[in-house]
Protein chains: 2
Amino acid sequence: MIPFRVVFQPGVPLYEQVAFAAKKAIVSGQLRPGDPFPSVRALSAEFKINPNTAHKVTGALLDEGLLEVRPGLGAVVADRPVSTAAERTRLLNREIEQLVVEAKRLRLSLDDVSAALDRHWSKLDSPQEAKR
Amino acid sequence: MIPFRVVFQPGVPLYEQVAFAAKKAIVSGQLRPGDPFPSVRALSAEFKINPNTAHKVTGALLDEGLLEVRPGLGAVVADRPVSTAAERTRLLNREIEQLVVEAKRLRLSLDDVSAALDRHWSKLDSPQEAKR
DNA sequence: ACATGTGTACTATGTCACACCATACACATG
DNA sequence: CATGTGTATGGTGTGACATAGTACACATGT
């Protein structure tokens, strides 16, 4: 069985949404290094998407270093996703700046954002359901 | 003179980048409620973009409630951007979740992200240059 | 040896966002 | 009346996205 679910939203590329769901599963430990990743055809059947679109999902995760491919066998979760200093600063600048601007536009307080950050962080620490 | 600058990045829509730069200027107080917003043709000339693209910029800011239009006169910065509860939860869930997933992928600590959040927050509080 | 399942590679079609060009109109101000 | 504003309308080109279909090299099962 495929260890993650997706509820498709309009306006966002399908392959991106599936890749993000998979990334969440990996990051949160539901898929661990060495675990087999669902095949292109399995993803295609499960999410009712074209095999080419499913292939784009694994391709995206491959580019990010989250998966490794065993030719003829399939893809497995990579041992240790590498990260460069450039990637870190890119994330910490562009993405957080966007978040701050949006939060200030909505007149949120820093405490509100910080609390939400803590909540989501611990939510992805262990595979337990968060309270609403 | 136009009170904000843009360094265009490939892969991101032009109108979105200009709108984000303007939003930053408004949120950080460099453009205050009642101030006149650059005209479509001024934006077009300044950033070397098509008038239609420039018009899409003001249209996007208009939809977000950051601008108001005086017919025949131009657009001015709106008095008080409204924010619905739906907008807040959308931001605090989808956008922060994305940030957390990316941060965990890059093996960053919560402290790192939290520190970057504080830094960007105060950076947009007053129009002073942040130290690098 | 053979069938099966895997990743991967092509070609092709259709839709849509994006950015451009150009023109035109209604409005308010000088 | 001319000028500058926002707004609307056509058209063109490029690229991403998702689809369909076909094909190949590889490894593993029997």
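Predicted model: local features only at pLDDT ≥ 70, side-chain atom pairs only at ≥ 80, totals over all residues.
Q: How do you know that the same surface serves both copies?
A: Of the contact residues of chain A, 100% recur in chain B. The contact involves 43 residues of chain A and 43 residues of chain B.

Q: What makes up the area buried between chain A and chain B?
A: The buried area is about 5,000 Å², and carbon and sulfur atoms give 68% of it. On the side of chain A, 16% of what is buried against chain B comes from A:Lys104, A:Arg105 and A:Trp121, more than from any other three residues.

Q: Why is the pair A:Lys104 and B:Asp125 called a salt bridge?
A: The closest N and O atoms of A:Lys104 and B:Asp125 are 2.7 Å apart. The cut-off between a side-chain nitrogen of Lys and a carboxyl oxygen of Asp is 4 Å, so the pair A:Lys104 and B:Asp125 qualifies. The count between chain A and chain B is nine salt bridges.

Q: Which elements give two or more residues to the side of chain A that touches chain B?
A: They are α1 (14–27), α4 (85–105) and α5 (110–123) of chain A. The largest share, 17 residues, comes from α4(A). By class, this side of chain A has 19 nonpolar, seven polar and 17 charged residues.

Terms used. Residues numbered from 1 in each chain as written. Chains lettered and ligands numbered in written order. Heavy atoms only, no water. Contact = heavy atoms within 4.5 Å. Buried area = accessible area lost by both parts, 1.4 Å probe. Helix = DSSP H or I, 4+ residues; strand = E, 2+ residues; numbered from the N terminus. Nonpolar A, V, L, I, M, F, W, Y, C, P; charged D, E, K, R; others polar.
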